[in-house]
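Hi everyone, thanks for making the time.

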Amino acid sequence: MAKMAADGEKQQGHRAGIYKQKNKGHKHGKHRTKGEIERENKGRVSVTTLTKKQRKELKKMDRRHKANQLRRNKKDMVLTEKRRLGSRDGPPHLVAVVSLHAVVDAEAITKLLRREGAGGVVHQEQCVSGVSDSFGLILPRFKQRFTFLSQSTADMHSLLDVAKIADSIVFVMDSTEGWDSYGDHCLSCLFAQGLPSHALVCQGVSDLPVKKRVESRRALSKITEVRFPDARLFPLDSEQDATLLLRHLGSQRQRKLGFRSRRSHVLAQHVTFTPNSPAEGSGGGPTGLGTLCVSGYVRGRPLRVDRLVHISGHGDFQLSQIDAPSDPLPLSLTARPAKPAKGDVDMLDGGEEEAPVRVLMKADPASRESLQTEAEVDPMDGEQTWPTESELLEAEEARKNKRVMKVPKGTSDYQATWIVDEDEDENGDMDNESSDDDNDDMLDEAMDGEDEENDSQDPEGSCCASDEEEEEEEEEEVCSTERAGADQRYDEHMDEAAEEEGLKRYREARANEMFPDEVDTPLDTPARIRFQRYRGLKSFRSSPWDPMENLPPNYSRIFQFQSFERTRSRILAEAAAEDEGAMDGWYVTLHIIDVPFSVMESVQSGRPLVLVSLLPHEQKMSVMHMLVRRHPSNTEPIKSKEELVFHCGFRRFRASPIFSQHTSGDKHKMERFLRPDAPTVVSVYAPIIFPPAGILLFKQRTDGIQDLVATGSLLSCDPQRVMLKRIVLSGHPFKINRRSAVLRYMFFNRDDIMWFKPVELRTKWGRRGHIKEPLGTHGHMKCVFDNQLRSQDTVLMNLYKRVYPRWTYDPYVPLPLPWVKNENTIDMDDLDME
């Protein structure tokens with residue numbers, strides 16, 4: 001027994017396994033370190049971790065080394081991209097010289113930079129096609145090459161096109177004022193579009209006395225810091241100043257513009273046009289189609305031959321092939337560069353002997369993108385091939401109930417069908433009412449009536465007034481003759497039609513501001529017919545509205561994405577990883593087919609030619625939405641569905657947009673006018689453009705000048721965005737009880753009250769209610785509210801209908817006239833206003 005007890009004392013106890021229940025410990029509120037967790041686990045690993053692949057956990061030093069490697073790789077990538085620009089492996093540094101003041105001459109800057117004494121070799125033959133004052137500059141000392149072009153601010157379209165592709169812009173300013181009013185207008189457009197790297201230059205500082213130079217530069221810096229807070233001001237009066245400016249342009253940080261960095265673009269250096277033969281069916285000749293050969297440097301992303309190219313201001317076209325001529329601006333003039341590796345293309349060697357032109361790639365008609373912009377619509381879709389029995393019965397009833405009309409003697413049956421009486425004419429006008437036009441401006445009509453009453457006078461009173469005027473004419477004859485010439489000159493430049501249109505527009509904007517969306521119920525037309533396209537919503541935020549309901553016929557012509565954001569991310573990611581085609585920095589010749597001769601005429605007139613390669617689907621039409629803000633310089637009211645000029649990325653076109661609020665719901669309220677105090681969404685039928693992209697809206701005057709209206713950015717492409725137009729019917733309390741009241745002036749017959757009975761009512765003072773029953777037959781109705789009304793309150797009813805843009809897309813935009821003062825312009829200071 002004693003021996004057995006001794007063996008029992010030595011028996012090993014039970015050891016808990018991995019499946020032992022573990023109760024939660026007390027939460028003391030302190031964070032456990034990794035060491036505490038490892039000590040508590042005692043080397044044990046959870047069951048789920050044992051069944052999976054072990055992940056390699058990096059130690060602290062390993063994580064630090066990995067972060068340093070990623071940081072170093074990004075830094076090297078940025079430095080490589082910066083050093084490529086202007087070097088042998090990249091395109092020449094494109095610099096645009098822009099004058100911001102009328103008294104400043106930008107050609108003086110280019111002449112100073114063109115001198116060989118500045119340390120460079122000038123290539124005058126390497127110039128931009130269409131721009132006379134352009135030249136190439138090679139600086140062996142800096143191992144860089146530049147292309148300078150002087151762009152006039154008179155042509156706003158050319159200025160914006162050049163700014164889209166320029167690597168740097170040199171702004172030439174006046175030494176005292178900086179820039180004038182038109183220069184400030186140009187800066188507003190450039191900043192809204194996206195301003196690349198820039199430098200500020202002024203001349204004439206060295207001509208000032210030594211004591212006044214510092215004061216002049218300090219005053220000019222104070223003026224420029226409003227627009228350019230961190231920019232450096234360069235005086236340019238000598239070759240040494242020119243060398244400092246070139247060094248700064250070559251080493252400054254490049255500002256990246258999203259809309260051009262994701263697309264390949266080319267500035268034409270040399271352009272030729274070859275008309276198509278008559279056998280090709282294009283018409284040929286100087287006014288027909290032809291092949292446009294454009295030579296230039298590829299910038300941005302690689303250029304593929306199967307992609308479409310867009311010529312700014314002219315449209316979309318297809319490529320047939322891409323050639324590789326010799327580089328006209330080689331960095332090394334004496335030594336030839338190393339032989340390229342196998343499979344590579346050396347296009348940066350000019351040499352003394354011009355190499356033959358090599359064909360890089362030709363387009364495959366099977367894989368080349370199509371120029372189709374609209375979806376194919378079958379006119380027979382939705383058509384009924386055979387009438388139903390109900391339609392046959394309705395037609396038979398209509399034939400039996402044929403109305404007898406009195407027609408003049410001798411009128412045939414065919415002529416009698418075109419004669420309608422007054423009642424039918426009014427009903428027909430209401431049925432054919434366009435969903436785009438609801439002009440219920442009773443205030444304007446009342447004001448116009450008052451003006452007509454003031455214009456009409458009593459004949460006898462006018463005779464008496466004429467006698468008095470004859471006596472006063474003798475005394476004021478001298479004064480009238482002095483002012484007659486000035487008044488006549490002033491009236492010659494007055495457009496009476498434009499003045500009347502502006503007055504009407506101001507009255508509409510003022511009425512909409514005082515009484516938002518309020519309309520008067522017509523007396524001669526039932527409200528259920530006049531507003532039959534409208535419906536009531538219990539809640540604008542949460543009430544459902546089917547976006548696919550009753551779509552207009554134009555929606556069958558556009559394209560729609562299942563998910564625009566997912567498609568955009570995929571296409572931009574593929575464009576960033578693109579490594580096929582003509583690479584960035586290559587000098588190539590693009591063969592563009594079926595181009596009208598007007599493109600060549602534009603180049604011959606002196607305007608630069610800019611080409612951009614389009615991403616997939618960017619030639620197709622859809623509903624584009626843009627988020628804009630009204631520009632402070634614009635004071636005139638801009639009405640919805642008014643024709644505007646759009647500058648969207650590399651495109652410019654004309655269209656009639658509609659405005660809506662920028663909210664986060666699924667329904668958005670339409671705005672009748674462009675609001676000056678809030679961002680507004682502009683919706684229009686236009687080709688698809690993947691954001692980001694800057695937006696400029698211009699309004700063209702009758703005299704040809706285009707005023708900047710709004711600026712913003714591209715928002716999205718969404719045909720299913722629901723934009724609702726609201727109208728408000730108003731009524732006034734006639735008798736008020738505790739919670740019920742009798743209203744009048746909202747409707748004028750009993751049937752209209754029963755028709756709109758389900759719609760909820762509200763008041764300007766926050767009461768809510770509904771229609772209970774009509775009283776009588778003249779539009780009085782009994783309504784019940786959540787609280788007692790006040791006698792000065794107004795009862796309102798909100799009605800909504802969905803609106804769509806107008807299909808007025810026009811890719812042709814006329815050239816704007818410059819803001820210059822000609823001989824016929826009358827200055828107000830020249831007139832004697834006393």
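Look for Leu729: its bridge partner in strand E30 is Met797. That pairing belongs to strand E25 (residues 722-736), which joins E30 in the antiparallel sense over 8 bridges. Two strands count as paired here if DSSP finds at least two bridges between them, and the elements themselves are DSSP runs numbered from the N terminus, with helices (H or I) of at least four residues and strands (E) of at least two.

Before going further, please keep in mind that this is a predicted model, where local features need pLDDT of at least 70 and side-chain atom pairs count only at pLDDT 80 or more, while totals for chains, interfaces and linings use all residues. Residues are numbered from 1 along each chain as its sequence is written, and side-chain values use heavy atoms, with hydrogens and water left out.

Back to E30 (residues 795-802). How many of the residues of E30 are buried? The count is 8 of 8, so the strand is mostly covered. Buried means under 20% relative accessible area, exposed means over 50%, and partly exposed is in between, with a 1.4 Å probe and protein chains only. In a regular strand, side chains alternate between the two faces of the sheet. In E30, Val795, Met797, Leu799 and Lys801 point one way, Leu796, Asn798, Tyr800 and Arg802 point the other way, and all are buried.

Now to strand E24 (residues 706-717). This strand is largely enclosed by the rest of the structure, because 9 of its 12 residues are buried. Strand E17 (residues 621-630) runs antiparallel to E24, joined by 7 bridges, and Val628 stands opposite Gly712. Strand E23 (residues 694-700) is also antiparallel to E24, with 7 bridges, and here Gly694 faces Ser713. E23 and E24 form a hairpin with 5 residues between them, and Gly704 in the turn has a positive phi of about 100°.

Asp751 is partly exposed, at a relative accessible area of 46%. Thr777 is 26 residues away from Asp751 in sequence, and their C-alpha atoms are 8.5 Å apart.

Next, the second largest pocket. A pocket is an open set of points on a 1 Å grid over the protein atoms alone, with protein on both sides within 12 Å along at least five of seven lines, and lining residues have an atom within 4 Å of a point. There are 29 lining residues, and Glu81, Lys256, Ser261, Gly300 and Asp584 lie nearest the centre. Helix H4 (60-84), helix H10 (258-261) and helix H19 (564-576) each give two or more residues to this lining. H4 has the largest share, 6 residues.

The protein chain has 21 helices and 30 strands, and 41% of its 834 residues are buried. The average pLDDT, the predictor's confidence in each residue from 0 to 100, is 78, and 76% of the residues score at least 70. Over residues 1-6 the pLDDT is below 50, and that stretch has 0 contacts (heavy atoms within 4.5 Å) beyond near neighbours in sequence. Residues 333-353 also stay under 50, and there the model has 34 contacts beyond four places in sequence.

Key:
On a 1 Å grid over the protein atoms alone, a cavity is a set of points where a 1.4 Å probe fits but cannot get out, and a pocket is an open set with protein on both sides within 12 Å along at least five of seven lines; lining residues have an atom within 4 Å of a point.
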